[in-house]
Amino acid sequence: MLSLSRRLRAALLAAASATLVAATLPPPEPLGIGDRLFPYLGNPGYDVLTYDLAFTYGGDNSVPLDAVTRIDARATERLDRINLDFTHGKVRSVEVDGAPARFAAAGEDLVITPAERVEAGALTRITVHHTSDPTGDAGGWLRTTDGLAMANQPDAAHRVFPGNDHPSDKAYFTFRITVPSRLTAVANGLPLGRVRHGDLTTFVYRTQHPMATELAQVSIGDSAVVHRAGPGGLPVRDVVPAADRETLEPWLGKTPDQLRWMERQVGTYPFETYGVLVAGADTGFELETQTLSLFERSLFTGAAYPAWYVDSVMVHELAHQWFGDSVSPRTWSDLWLNEGHATWYEARYAQEHGGEALETRMRDAYRRSDGWRAAGGPPAAPKPPEPDDRISLFRPVLYDGSALVLYALRREIGEDAFARLERDWVRIHRDATATTADFTALAAEVAGRDLGEFFRAWLYGATTPPMPGHPDWRADPPPAGPPTARKDGETGVTAGPNRATIDESATRPGINPARHAL
């Protein structure tokens with residue numbers, strides 16, 4: 001009885017202390033880390049080390065999933081409150097280090113008041129019991145013909161699970177996905193096992209490298225998982241609708257050679273596995289989710305695109321595993337490093353495999369570049385997305401407009417120096433984040449000379465500088481009047497449910513359908 005009384009007094013004291021702290025704190029408010037393009041994303045005061053995400057799917061992709069998110073983080077300052085990015089789900093309870101915590105919503109933040117403040121340098125575990133709603137058209141869960149997949153870029157991961165939803169805070173992930181046993185679940189990383197309990201099966205996956213929240217992927221559906229070996233025995237696994245297994249095999253079988261081609265350009269593949277996830281959904285885009293790139297089914301099963309183009313889109317998403325996934329942008333203004341590089345290797349692969357010549361594509365990009373800059377800003381200082389269409393950030397200036405910068409840089413410093421730069425970049429910054437300033441500094445070091453004037457003009461100029469070695473190239477004047485970032489043929493961006501697409505006719509001769517390789 002004495003022991004119970006002590007425990008009771010301790011519990012009452014802790015509760016009173018939490019109430020006092022809560023009473024002296026200002027009202028909950030959303031925070032952010034001040035990203036120029038997404039100022040509300042991310043949260044100060046802690047560094048996430050691991051996510052453990054558990055989802056239970058009942059078989060109906062219009063019904064919210066039950067979910068538990070466990071976050072292990074290290075406080076970088078004293079925290080009376082902890083903000084997580086989270087919206088579009090119902091929070092049932094929150095614990096911090098095993099103790100119940102108060103919580104409230106503020107904007108798109110979940111604001112948590114722990115029973116005891118978290119001291120700077122301390123490790124802390126945050127557990128949130130919540131729902132994860134697959135409905136809506138603002139990204140996150142992607143409803144497919146047989147289940148679900150994820151499309152979180154750029155800012156929709158927090159519509160799926162609470163976290164620090166900014167690429168500057170990468171972490172290791174574990175996924176525990178419980179589904180009806182007739183379905184298959186796959187996620188980033190490698191499988192740790194599966195457990196069947198009655199009519200349900202739980203699949204467990206874990207990443208071996210840190211990952212940004214926007215790159216998380218969970219696939220649930222009537223899927224076939226196809227295994228093969230890549231370079232050096234790398235496990236390659238593709239996830240496709242079971243009914244399309246044979247139809248898709250000619251495309252899936254190309255991945256090992258595409259991996260070898262990329263490794264010849266920039267070095268060893270940076271992750272533990274790779275594969276293609278083919279979703280039964282009309283997205284209008286493909287997406288470089290880490291170790292498991294998302295593609296829509298119609299890219300492979302339709303007759304709208306020549307084979308060289310489909311191959312080059314596959315290489316675009318593969319190149320992102322180095323540029324964007326392994327080396328992630330420190331801020332969203334550094335996005336040109338992702339998309340410019342992925343487009344660069346896409347274009348080079350196309351040239352070597354029956355597509356258009358690289359110089360032809362770059363000259364066409366140069367002609368359009370002033371218009372792209374007027375519509376979307378220069379490559380390293382892009383204009384913010386439309387408030388109601390976050391994916392409108394992905395404008396042509398970040399694709400062919402940024403590949404054009406790399407083309408100019410290679411002509412400026414020479415092919416050998418450029419090749420060294422590319423390999424050094426992904427080696428030095430592997431599993432980390434990096435900035436435009438990091439890239440320009442490394443380029444100058446490799447070239448052995450100052451490149452400040454070159455990069456100021458090419459990355460930040462309102463108009464396109466002269467192309468080294470091509471004084472005859474001319475840029476068309478921008479369209480008259482204010483730029484409209486949603487009109488085909490001007491900026492290449494169109495809107496639609498759950499997507500924005502880039503009009504390839506605005507960047508690639510001979511390709512008329514609108515597509516967007518993110």
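Eight strands make up an open sheet of mixed pairing, arranged in the order β5-β4-β8-β2-β1-β11-β14-β13; two strands are taken to pair if DSSP finds at least two bridges between them. At its edges stand β5 (99-100) and β13 (190-197), each of which pairs on one side only. The model is a predicted one, in which local features need pLDDT of at least 70 and side-chain atom pairs count only at pLDDT 80 or more, while totals for chains, interfaces and linings use all residues. Residues are numbered from 1 along each chain as its sequence is written, and side-chain values use heavy atoms, with hydrogens and water left out. Helices (H or I, at least four residues) and strands (E, at least two) are DSSP runs, numbered from the N terminus.

A second open sheet, of three strands, has the order β3-β7-β6 with antiparallel pairing. Here β3 (82-85) and β6 (102-106) are the edge strands, each with a single partner strand, so one side of each is left without a neighbour in the sheet. Neighbouring strands of this sheet are turned on average by 25 degrees against each other, direction ignored; axes are lines fitted to C-alpha atoms, for helices over the stretch in contact, and angles run from 0 to 180 degrees between N-to-C directions.

The axes of helix α3 (residues 255-266) and helix α9 (residues 415-428) come within 8 Å and cross at roughly 100 degrees. The two helices α3 and α9 are therefore roughly perpendicular to each other, a class that covers 65 to 115 degrees, whereas angles under 35 count as roughly parallel, over 145 as roughly antiparallel and the rest as oblique. Glu263, Arg264, Gln265 and Val266 of α3 make the contact with Glu422, Arg423 and Val426 of α9, where contact means heavy atoms within 4.5 Å. By class, this contact of α3 with α9 has two nonpolar, one polar and four charged residues; Ala, Val, Leu, Ile, Met, Phe, Trp, Tyr, Cys and Pro count as nonpolar, Asp, Glu, Lys and Arg as charged, and the others, Gly among them, as polar.
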